[in-house]
Amino acid sequence: MRVNISGQWQPFRADVAPYMVEPTDMTASRRFRGLVFAGPSQSGKTMMLQTVACHAIMSDPGRIALFQMTRDAAALMEREKIGPMIYNSPDIRARLASGRGADTIFQKLFTGGAHLTLDWPTPEKLASTTVRILLATDFDRPAWGNGVIGDGDPYTQMRARTRTFLSRGMVVIESSPGAPIKDENWRPQTPHDCPPVAYGVLSLYPGGTRGRWYVPCPCCGAMFEMTFARLVYPDSADPVEAGEAARMRCPHCRDTFGHELKRELNASGQWLHEATPDESGEIRLVTVDRPELRRTDLLSYWLDGASAAFSTWAELVTAYRQAEAHFDATGDEEKLRATVSTGQAQPYLPRSASSEMEITLQGLKDKAQDVKSQKGVAPSWARYLTVSVDVQGTYFSVGVTAWGEGGRHQPIDRFEINTPPAGAPGADGRTLKPFEVAEDWQVLVGLEDRIWPIEGGEWGLKAVSLAVDMHGGGATTDNAYRFYRARRKAGRGKRWYLTRGHGGLHHVDRVWLRAPERASGKRKVASDIKILNMATDRLKDVVAASVRLLDDGQNYCHIPGWMEAGHLTEFTAERRTAKGWEKRPGMVRNESLDHLVQARAQHIILGAERIDWTSPNRHWAILSADNEFSVPLSLAEADRPDRTDQQPQDRSATEHKSRGRFGFSARKGKWL
Ligand SMILES: [Zn+2]
């Protein structure tokens with residue numbers, strides 16, 4: 001077999017990734033029926049599957065099915081890996097059968113009886129004909145159903161397909177660990193124990209031989225695992241410097257060594273698996289050929305990212321430190337999850353799912369004690385406002401959020417609009433009906449020019465943007481489109497967003513603008529409207545992180561004292577599980593949370609996360625006469641709409657304690 005190394009087709013050299021040799025060889029073993037390999041994305045796992053397929057084609061014919069995540073991924077695998085491998089390996093190419101259907105994208109027939117198909121996981125494909133060797137890639141990605149495809153778990157279904165081949169059947173699965181850790185308090189019970197996860201390669205790993213890759217320490221000679229957790233690097237340096245300085249620490253002699261030794265050490269490495277417990281109950285580590293090996297028909301391997309051949313320690317550390325910085329700056333943990341999972345090959349413990357991250361009513365009440373600002377008044381540090389509108393059957397629920405430097409924010413107003421506008425059909429005496437009456441949406445127009453005063457009395461703010469949820473009963477979506485088009489015609493379209501929420505944790509972006517998809521139903525497609533799509537579970541993670549923060553700083557959410565217990569309780573209406581956010585039993589309203597999700601979506605889409613606050617380059621984020629949304633209150637007083645829910649201003653209550661880190665107090669009144 002030939003492989004592509006830097007553009008040259010050369011015979012496959014096992015010494016590039018020595019840890020792949022044993023797993024590859026063991027796929028031909030008749031003692032085992034399955035093999036699972038957990039490792040980072042850059043480890044040569046795909047090469048193992050190609051090698052297994054080649055071996056079967058050349059010497060051990062039968063039906064081989066290679067499963068990719070999707071049909072597109074299968075076609076790509078054929079185009080970039082399988083096709084070129086066949087055509088550049090003379091021995092294999094010579095065996096390719098001729099004739100109709102012998103060489104298609106998803107099927108290759110060979111003389112001697114080998115039959116290779118490229119597949120993707122569907123209930124039908126997992127349940128159909130018997131296969132001698134079944135190879136599955138990226139087993140932890142959502143395409144594999146997070147542990148459920150059709151009637152059951154995909155591993156059991158794959159095993160069933162190879163059963164008729166008895167000891168010649170083999171299921172080989174590879175992936176980087178993608179399932180989140182279920183129990184944050186887990187502690188290992190055996191030398192190679194692994195944290196509990198609900199699906200994926202690490203859910204299978206404990207049932208196997210539990211192999212890990214060991215190398216001899218260059219200092220003391222003792223065998224140990226090179227893991228990301230054993231890398232030492234300076235704490236204070238920037239991510240790139242930290243990466244460049246990273247060194248591996250031996251757990252036996254505590255000496256450290258540099259990345260330049262990794263390849264040499266890997267060359268003398270070996271897989272050690274768990275043995276069955278001896279008389280005293282102790283579990284020793286043994287090589288795969290020992291009779292004491294754990295009794296199971298599944299081989300399991302888990303390679304830490306720090307051992308992998310194709311990524312450097314510098315890259316791993318830099319990526320991790322950058323992801324941590326991104327999390328601190330935005331509250332978004334997707335990058336962190338990605339580098340832990342695919343870079344380090346470790347299961348991820350979602351920060352937002354741990355119990356210490358829970359939002360509690362008492363925690364909110366404690367925070368609210370310190371913020372004395374009145375309802376309807378923005379704090380002195382406010383720079384811009386966003387308005388969030390939740391659509392309900394008989395009212396619009398409006399939440400107003402003030403934003404300051406570094407993403408700090410605070411709900412500053414909250415009210416319901418439940419009276420139809422004058423001129424709406426049958427407006428007299430009925431309640432608002434946003435699901436049904438398109439004209440009722442006109443009441444929202446008044447929010448555009450409404451001014452919320454900033455503490456201190458000099459300035460007021462209009463909302464820089466306003467967002468309305470476009471989902472609800474009846475004709476809500478059509479009414480939302482109609483409202484949006486009317487606002488655009490009035491020249492106000494740039495400030496309004498229609499929002500659509502998407503659940504699930506695997507969206508690439510937190511927010512994105514896109515015209516609605518052509519639905520299968522009869523509703524006309526609004527191709528002229530860019531919907532603000534929100535990955536709600538990811539945004540809720542971010543919002544929850546801000547609400548929980550106790551130390552003032554980036555993304556801190558101030559909870560104001562005027563929020564009633566009912567409003568605060570809404571923040572606790574949902575609970576973060578490993579799958580995402582779920583309503584708690586008995587909790588009906590969650591508008592406080594939804595308002596902040598919409599507010600954050602606007603903050604992100606406006607580009608506010610990227611503002612350099614030492615010299616802000618967005619005119620709407622600076623209080624000045626050039627900013628159409630900031631209004632000197634002496635001018636605004638005359639045309640300010642009367643407010644029924646506004647209390648008299650108590651200026652003595654508006655003085656905040658010094659915001660040391662950002663120096664708001666020091667700069668108060670000097671923004672021009
Ligand atoms: Zn050592």
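The dialogue below treats a metal site and then salt bridges.

Reply: This is a predicted model, in which local features need pLDDT of at least 70, side-chain atom pairs count only at pLDDT 80 or more, and totals for chains, interfaces and linings use all residues. Residues are numbered from 1 along each chain as its sequence is written, and side-chain values use heavy atoms, with hydrogens and water left out.

Me: Which residues coordinate the zinc ion?

Reply: Donors are N, O and S atoms within 2.8 Å of the metal (3.2 Å for Na, K and Ca); water is not among the atoms, so sites may look incomplete. Here the SG atoms of Cys217, Cys220, Cys250 and Cys253 coordinate the zinc ion at 2.3 to 2.4 Å. Along the chain, these donors follow the spacing C-x2-C-x29-C-x2-C.

Me: Why is the arrangement of the four donor atoms called tetrahedral?

Reply: Four donors count as tetrahedral if all angles lie between 85 and 135 degrees. The donor atoms around the zinc ion subtend angles of 102 to 113°, and therefore the arrangement is tetrahedral.

Me: Is Cys250 buried or exposed?

Reply: Buried means under 20% relative accessible area, exposed over 50%, and partly exposed in between (1.4 Å probe, protein chains only). Cys250 has a relative accessible area of 0% and is buried, whereas Cys253, with 30%, is partly exposed.

Me: How many salt bridges does the structure hold?

Reply: Side chains of opposite charge can pair when their charged atoms come close. A salt bridge is a side-chain nitrogen of Lys or Arg within 4 Å of a carboxyl oxygen of Asp or Glu. The structure holds 30 salt bridges. One of them joins Arg290 and Glu292 (3.3 Å, N to O); Arg290 is partly exposed at 41% relative accessibility, and Glu292 is partly exposed at 22%.

Me: Where do Arg337 and Glu334 lie?

Reply: Helices (H or I, at least four residues) and strands (E, at least two) are DSSP runs, numbered from the N terminus. Arg337 and Glu334 are three residues apart in helix 11 (residues 334–343), so about one helical turn separates them. Their side chains form a salt bridge (2.8 Å, N to O), and both residues are buried.

Me: Which parts does the pair of Glu591 and Arg414 tie together?

Reply: The closest N and O atoms of this salt bridge between Glu591 and Arg414 are 3.2 Å apart. Glu591 lies in helix 16 (residues 591–605) and Arg414 in strand 19 (residues 409–417), so the pair ties together parts that are 177 residues apart in sequence. Salt bridges that share partners join Arg414, Glu416, Glu570, Arg589 and Glu591 into one network.

Conventions. Four donors count as tetrahedral if all angles lie between 85 and 135 degrees; four count as square planar and six as octahedral if opposite donors are over 155 degrees apart and all others between 65 and 115; anything else is irregular.
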